[in-house]
Amino acid sequence: MAELHTLTLAELAAGLKSRAFSSVELTRHFLSRIEKFDAELNAFITVTPELALAQAADADMRIATGTASRLTGLPLAHKDIFCTDGVLTTCASKMLSNFISPYDATVVGRLKQEGMVMLGKTNMDEFAMGSSNETSFYGAVKNPWDLAKVPGGSSGGSAAAVAARIAPVATGTDTGGSIRQPAALTSLTGIKPTYGRVSRYGMIAFASSLDQGGVMGLSAEDAALLLQSMAGFDERDSTSVDMPVPDYAATLNQSLKGLKIGLVKEFFEQGLSEENIKPVKEALTVYEQLGAQLVEVSLPNLPLSVPTYYVVAPAECSSNLSRFDGVRFGYRCESPRDLMDLYTRSRGEGFGSEVKRRIMTGTYVLSAGYYDAYYLRAQKIRRLITEEFAAAFQKVDVLMCPTSPTTAFDIGAKVDDPVTMYLNDIYTIGANLAGLPAMSIPCGFLAGLPVGLQIIAGHFAEAKLLNVAHGYQQVTDWHKRMPERYA
Amino acid sequence: MSLTRENIAAIAHLARLAITEDESAAYAGSLSKILHLVEQLNVANVAAIEPMSHPLTGMVQRLREDQVTATDEHEKFQRNAAKVSDGLYLVPKVIE
């Protein structure tokens, strides 16, 4: 039998079911790998070994007594943006560095109900604001493919943990690309579902009209397996959509013959060299061989998605983060002179520089006299972009383009220039603005670093996305490559 | 649009953020760059376009029955507070 960490989540589920190994054995294996490798990766903020082993023992009981679900006994890691009852939940911020959540996020609660085993909480950009995992109060995360490079962000800890096989699967969140971009930079399969598909309850808010939880795993099959239990209506999230969750596994193997793939003209023209686009173009050829048809589509306002996002997201962030006041929870400054001093110093000292930058950007664009020029205009362009996507999906089943303009870059290379950093998300932000489901899947390497192919579908077409990704993964093996150091 | 350090001080006050002199200079530069990026939005023709605040159009705000659904757990919640006394959150004196 192959070493446990080299197996996919689906293979591990089969192994638990056939009693090839127990959940306690499986959990010990991953905990020992965390122990061995996390000092160099910095993928975890908190590791919860006692809790994990207790949950694993419970899972083994359920398996023994025939009350197990498909996910019972499988270990996972949660991004530290999800509230976990009784466990430190920091959002990678000094502001929450002492916050023991008094409740579980719906996503956490559902997977706990299934009997999954939580290994710990993963590192991320502070409050999910970043594209390189360098804004964390707990330090930068390293890319398992090259420890001098960033893993992408904001779900960089989840990405590094799964890519290094110190966790078999992890949750992530995606506001402007925070699941897809790190998935691309670490050779993982990541899915951001339709806005409203996965509950945001207990998922610490960044930009509420854009945030969506999802999965980072080793294959489309694994993503389908976990998403099946994460998705679904939650009355505690007022924007949760009350719609049945289809059986994602049932349609994974549908033929891709006749699939219409739209190639976003604006994205293939913009900022990518012939050399860098090669793996993506090769992937498109594979889809043609599977019977798909390539059609060029144009979304003329899509290049405006980055400036639109950098009005909408900071505006919502400045509003959401006003709850951190140093009074009810979170960091409080030493010896405040008066209430104003308490607020301003607790916030000034508790937030990192990128978070403060976004709060101030948001405060400015919402302030009197500027609201119409910035926020209202951005919301109008958001509609234009959304309508262009809708028109494209009248003609094609899915859209494809690169996930990220570059492969993983050096740690420190872009930290001093926020605008250059923001442009990392040029291909991913559109799906957030329009609320569309989107994935990144591994499609090759450039100079030893992973490249991702992005697939975008219409609202609630997660099953189609997973089917399209799975079809490719049946005839290619990029998603099976792992960094040698962690093999 | 270029922001001065005075602009930054005013924004920081609105946002209730204490920032240092060094931070203020850095933010004047980086916020100006961000606003420059955002100026690209001026090229689009947005006349007669409805602003969009929710990514799924046609959704209505869901309401629930007005009944008690949560139990009193203030002791548990207040464990995360910096200063609490008799179930109350303590802050510096507001009224003399």
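Predicted model: local features only at pLDDT ≥ 70, side-chain atom pairs only at ≥ 80, totals over all residues.
A residue is called buried here when its relative accessible area is under 20%. With that cut-off in mind, I turn to helix 4 of chain A, which spans residues 106-113 and has A:Thr106, A:Val107, A:Val108 and A:Leu111 buried.

After helix 4 of chain A comes A:Gly115, and its phi is positive, near 90 degrees.

Chain A contains 16 helices and eleven strands. Its radius of gyration is 21 Å, close to the 23 Å that the globule rule gives for 487 residues, so chain A is as compact as a globular protein of that length. Along the principal axes, the C-alpha atoms of chain A fill a box of roughly 65 × 55 × 45 Å. Of the 487 residues in chain A, 67% are buried. Among contacts in chain A with a separation of 6 or more, 75% are between residues 24 or more positions apart. As for charge, chain A carries 44 positive and 51 negative charges, and their mean positions are 2 Å apart.

Are the faces of strand 5 (residues 189-192) of chain A covered or uncovered? Both are covered: A:Thr189 and A:Ile191 on one side are buried, and so are A:Gly190 and A:Lys192 on the other.

Which strands does strand 5 of chain A pair with? One is strand 6 (residues 212-217) of chain A, which runs antiparallel to strand 5 and is joined to it by three bridges. Another is strand 10 (residues 438-446) of chain A, also antiparallel to strand 5 and also joined by three bridges. A:Gly190 takes part on both sides: it stands opposite A:Met216 in strand 6 of chain A, and its bridge partner in strand 10 of chain A is A:Ser440.

Strand 7 of chain A, residues 260-264, is mostly covered, with four of its five residues buried. Its pairing is in the parallel sense, over five bridges with strand 8 (residues 293-297) of chain A and over three bridges with strand 9 (residues 398-402) of chain A. To place these pairings on the structure, A:Val264 has A:Val297 as its bridge partner in strand 8 of chain A, while A:Ile261 stands opposite A:Val398 in strand 9 of chain A.

One further residue of chain A deserves mention. A:Val355 lies in helix 12 (residues 353-366) of chain A. Why does A:Val355 count as buried? Its relative accessibility is 1%, and the cut-off for burial is under 20%. Leaving out residues up to four places away in sequence, A:Val355 touches A:Glu126, A:Phe127, A:Met129 and A:Leu321. A:Val451, by contrast, is 96 residues from A:Val355 in sequence and 28 Å from it in space, C-alpha to C-alpha.

Chain B has three helices and two strands, and along the sequence they follow the pattern α-α-α-β-β. The radius of gyration of chain B is 23 Å, well over the 12 Å that the globule rule gives for 96 residues, so chain B is more spread out than a compact globule. The box filled by its C-alpha atoms, taken along the principal axes, is roughly 55 × 45 × 25 Å. In chain B, 28% of the 96 residues are buried. Residues 24 or more positions apart account for 29% of the chain B contacts with a separation of 6 or more. Chain B exposes about 6,900 Å², of which carbon and sulfur atoms supply 53%. It has 9 positive and 13 negative charges, with mean positions 4 Å apart.

Within chain B, B:Ser32 sits in helix 2 (residues 21-38). B:Ser32 counts as buried, because its relative accessibility is 11%. Its contacts, apart from neighbours within four places in sequence, are B:Met1, B:Ser2, B:Leu3 and B:Tyr27.

How values were computed: Residues numbered from 1 in each chain as written. Chains lettered and ligands numbered in written order. Heavy atoms only, no water. Buried < 20%, exposed > 50% of the residue type's maximum accessible area, 1.4 Å probe, protein only. Pairing = 2+ DSSP bridges. Rg over C-alpha atoms; globule rule 2.2 N^0.38 Å. Contact = heavy atoms within 4.5 Å. Areas by Shrake-Rupley, 256 points an atom, 1.4 Å probe, with all protein chains shown as cover. Lys, Arg positive; Asp, Glu negative; His and termini not counted. Charge placed at Lys NZ, Arg CZ, Asp CG, Glu CD.
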